[in-house]
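Subject: The model you asked about

Hello,

Here is the structure I promised to pass on, together with some notes on what turned up in it. Please have a look at the model first and then read on.

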Amino acid sequence: MPLAATGLLPSPQFSPEQIKELTAALEVPLDPSLIEWRVTITTKAGKPRGLVVPYADQRAYTDRLNALFSPAGWTRKYVVHTSTNFERSQDQKTVAKVLSPVS
């Protein structure tokens, strides 16, 4: 059960106009620079093919929600922890970044 429903936290009330404005702001597409592409399905039968889908890192969504709703009491923070770089064996990419959400 959400804390606001228990009466422990005040539940923010939005006017119908504010709800329309917030909904419109949430419908604005993310900046194209935040969109990445992921290959989800591949086939090697015949001519190699794959299905590519767009996605955005969860930080893009978190930043948008923070910008719109933090004044109403919602926030989610994250901290980036890094480790020593290492090379993945399957694709020889160098990786190391680890995200830790802090609520």
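Contact, as I use the word below, means that heavy atoms lie within 4.5 Å. With that in hand, take Thr62: setting aside its neighbours within four places in sequence, Thr62 is in contact with Trp74, Arg76 and Tyr78. Please keep in mind that this is a predicted model.

The overall layout

The protein has three helices and four strands. Starting from the N terminus, the elements come in the order α-α-β-β-α-β-β. Of its 103 residues, 8% count as buried. The exposed surface comes to about 8,600 Å², with carbon and sulfur atoms supplying 58% of that area. As for the contacts between residues at least 6 apart in sequence, 30% of them join residues at least 24 apart.

The hairpin

Strand β1 covers residues 35–43 and strand β2 covers residues 49–56; the two run antiparallel and are joined by eight bridges. Together β1 and β2 form a hairpin, with five residues between them. In that turn sits Gly46, which has a positive phi of about 70°. If you want to follow the pairing residue by residue, Trp37 stands opposite Pro54 in β2, and Arg38 has Val53 of β2 as its bridge partner.

Helix α3

Which residues of α3 are buried? They are Ala60, Thr62, Asn66 and Phe69.

- Thr62 lies in helix α3. Its relative accessible area is 7%, and because buried means under 20%, Thr62 counts as buried.
- Asn66 is also found in helix α3. It counts as buried, at 17% relative accessibility. Apart from its neighbours within four places in sequence, Asn66 is in contact with Pro71, Trp74, Thr75 and Arg76.
- Arg59 has its place in helix α3 too. With a relative accessible area of 23%, Arg59 is partly exposed. The side chains of Arg59 and Asp57 are joined by a polar contact of 2.8 Å. Arg59 and Arg76 are 17 residues apart along the chain, and their C-alpha atoms are separated by 9.7 Å.

Trp74 and Arg76 come up in the contacts of Thr62, and both names return in the contacts of Asn66.

The aromatic pair

The structure holds one aromatic pair. Its partners are Phe14 and Phe69, arranged edge-to-face, with 6.3 Å from centre to centre and 70° between the planes. This pair links distant parts of the chain: Phe14 is in the loop between α1 (3–6) and α2, Phe69 is in helix α3, and the two are 55 residues apart.

Phe86 in strand β3

One more stop is Phe86, which is found in strand β3. At 47% relative accessibility, Phe86 counts as partly exposed; the reason is that this value falls between the 20% limit for buried and the 50% limit for exposed. Leaving out its neighbours within four places in sequence, Phe86 is in contact with Lys93, Thr94, Val95 and Ala96. Of these, Ala96 is 10 residues from Phe86 along the chain, and their C-alpha atoms are separated by 6.3 Å.

Best wishes

Conventions
Residues are numbered from 1 along each chain as its sequence is written. This is a predicted model: local features need pLDDT of at least 70, side-chain atom pairs count only at pLDDT 80 or more; totals for chains, interfaces and linings use all residues. Side-chain values use heavy atoms; hydrogens and water are left out. Two strands pair if DSSP finds at least two bridges between them. Buried means under 20% relative accessible area, exposed over 50%, partly exposed in between (1.4 Å probe, protein chains only). A polar contact is a pair of N or O atoms within 3.5 Å; within protein, one must be able to donate a hydrogen and the other to accept it, and residues adjacent in sequence count only if both atoms are side-chain atoms. Accessible areas come from the Shrake-Rupley method with a 1.4 Å probe; for residues, only the protein chains shown count as cover. Rings of Phe, Tyr and Trp (its six-membered ring) pair if their centres lie within 6.5 Å; planes under 30 degrees apart count as stacked, over 60 as edge-to-face and the rest as tilted.
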